[in-house]
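Please look over the sequence and the 3D structure below before reading on.

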Amino acid sequence: MIRKGIILAGGSGTRLHPMTQATSKQLLPVYDKPMVYYPLSTLLLAGIREVLIISTPADLPQFQRLFHDGAHLGIRISYAEQPSPDGLAQAFLIGEQWIGGEACALALGDNLIHGDHLSTLLRAAASRPEGATVFAYQVRDPERYGVVSFDADGKAIDIVEKPKEPVSPWAVTGLYFYDHRVTELAHRVTPSWRGELEITDLNQMYLREGTLQVERLGRGTAWLDAGTPDSLLQAATFVQTIQSRQGNLVGCPEEVAFRMGYIDAAACTTDADQAAEHPRGAAHHPAEIRRPARVLLGDLERRQARRPWLPRAFRAGQP
């Protein structure tokens, strides 16, 4: 069972300048939460309780102020610096000592995954004793991503990084699960023509030996990469729509930690009380988590109605 996970939150975020000249891309808001909350919630859903956040020397203190040691979530959070962005596979070299020869997952700090039965898929991936698991999602612009192709039986046969002419619409998402050999194999990855240690090359090593499992995410799942102004807005709109229409929180680590049994009702209540002036505070109170969605949404609407200074677009339940 994979118990460790890395969140890669480095890079310069040039596609989001000038916003990222002031703060880390992964700390920008996606509706009502910092972007990094979403991949953290995904790792927690997979049963992971030890997390390493990798970021730039300038931005790392901001993540430490946000999460501290993770005790309030019932997990342990450590931190490591990425002096320069040299590819996704670099994360396993930076975190080698922390990984300690164990199996490890990797989540990109600007990715949001949400859908039915997602926790079941994640826990299955974390439970595989050998090999690697990645997730593929059908997109309109696969040339922007690592692209996986399948044979007639649905078995993955090739992965190509940002191909000019994709042979498949299936993009590899920013979530990866690897066995205990990951750091050993990461050392074998050589820089690409872009000068980066490509995660695709690491995945190809597992693919060639027949131990790469590719899970295709269906229509009931949404995968969003919030790395551009347009995709950042789309992600925020998606989260706002789900939360306002269904009354269900998206990417709330406090709620996930409570549901997973990492923290008790008292700890969750403390978090909710500290966020009492924010709709999320009411929503992740233990009593609220257990209530029907329609009742919770009504409470959110009443709470927002008491705050008339907010723009109309930010009031719960309204477009």
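Just after helix α7, G210 takes a positive phi of about 80°; helices (H or I, at least four residues) and strands (E, at least two) are DSSP runs, numbered from the N terminus. The model is predicted, so local features need pLDDT of at least 70 and side-chain atom pairs count only at pLDDT 80 or more, while totals for chains, interfaces and linings use all residues. Residues are numbered from 1 along each chain as its sequence is written, and side-chain values use heavy atoms, with hydrogens and water left out.

Eight of the ten residues of α7 are buried (under 20% relative accessible area, with a 1.4 Å probe and protein chains only), so this helix is largely enclosed by the rest of the structure. Among the buried residues of α7 are I199, L202 and Y206.

Strand β4 (residues 50–55) is also mostly covered, since five of its six residues are buried. Its pairings, where two strands pair if DSSP finds at least two bridges between them, are set out here.

| Strand pair | Sense | Bridges |
|---|---|---|
| β1 (residues 4–8) and β4 | parallel | five bridges |
| β4 and β5 (residues 76–81) | parallel | six bridges |

In β4, E50 is the bridge partner of K4, whereas S55 stands opposite E81 in β5.

Key
Buried means under 20% relative accessible area, exposed over 50%, partly exposed in between (1.4 Å probe, protein chains only).
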